[in-house]
Amino acid sequence: MKVGLVESFNRPGGNATGVAFLDSELVGKQFELARELLPKATVAGFLVNPKSANAETQLATAMAAKQAFGLDIVVENASTERDLETAFAAFAQRQVAALVVGSDPFFYSERILLAALAAHRALPAIYYDREYVAAGMIANM
């Protein structure tokens, strides 16, 4: 829909086949989970790839979560390895208590680095895929 491949999920039109991941819609639930796990937290981080087709939707969902859960959400953009390190430094400087990582193929490809950066800073992180957890175990061996 957002990318223009189908008219709607209910009636995609034509002979469209494939799989749709609604992980952008999970961003709000991820912030809700962070709030439940860390009820005294006031600042949360959100990592998003500005080059992603889902970036705009993910940011809108994060800003809605900001209102709903009373969190100050620090948004950092990253589309390179260097950007990731800069983003984590900014999260530390802003005293982010929890991190939500947006869904993106680049982030998935850098999941070991992301898990290592979060572990190094003792920053609780919520990811959209269990493979990040497995990567975290590899990164911390």
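Helices (H or I, at least four residues) and strands (E, at least two) are DSSP runs, numbered from the N terminus. The model described here is predicted, so local features need pLDDT of at least 70 and side-chain atom pairs count only at pLDDT 80 or more, while totals for chains, interfaces and linings use all residues. Residues are numbered from 1 along each chain as its sequence is written, and side-chain values use heavy atoms, with hydrogens and water left out.

Most residues other than glycine have a negative phi. Gln-95, although not a glycine, has a positive phi of about 55 degrees. This residue sits in the loop that links helix H3 (81-93) to strand E3 (98-101). Gln-95 is exposed, with a relative accessible area of 66% (buried is under 20%, exposed over 50%, partly exposed in between, with a 1.4 Å probe and protein chains only).

Ala-122, also not a glycine, shows a positive phi of about 50 degrees. Its loop runs between helix H5 (111-120) and strand E4 (125-126), and Ala-122 is exposed at 66% relative accessibility.

Next comes a pair of helices. The axes of H1 (residues 27-37) and H2 (residues 55-69) come within 8 Å and cross at roughly 35 degrees; axes are lines fitted to C-alpha atoms, for helices over the stretch in contact, and angles run from 0 to 180 degrees between N-to-C directions. In contact (heavy atoms within 4.5 Å) are Val-27, Gly-28, Phe-31, Glu-32 and Arg-35 of H1 with Gln-58, Thr-61, Ala-62, Ala-65 and Phe-69 of H2.
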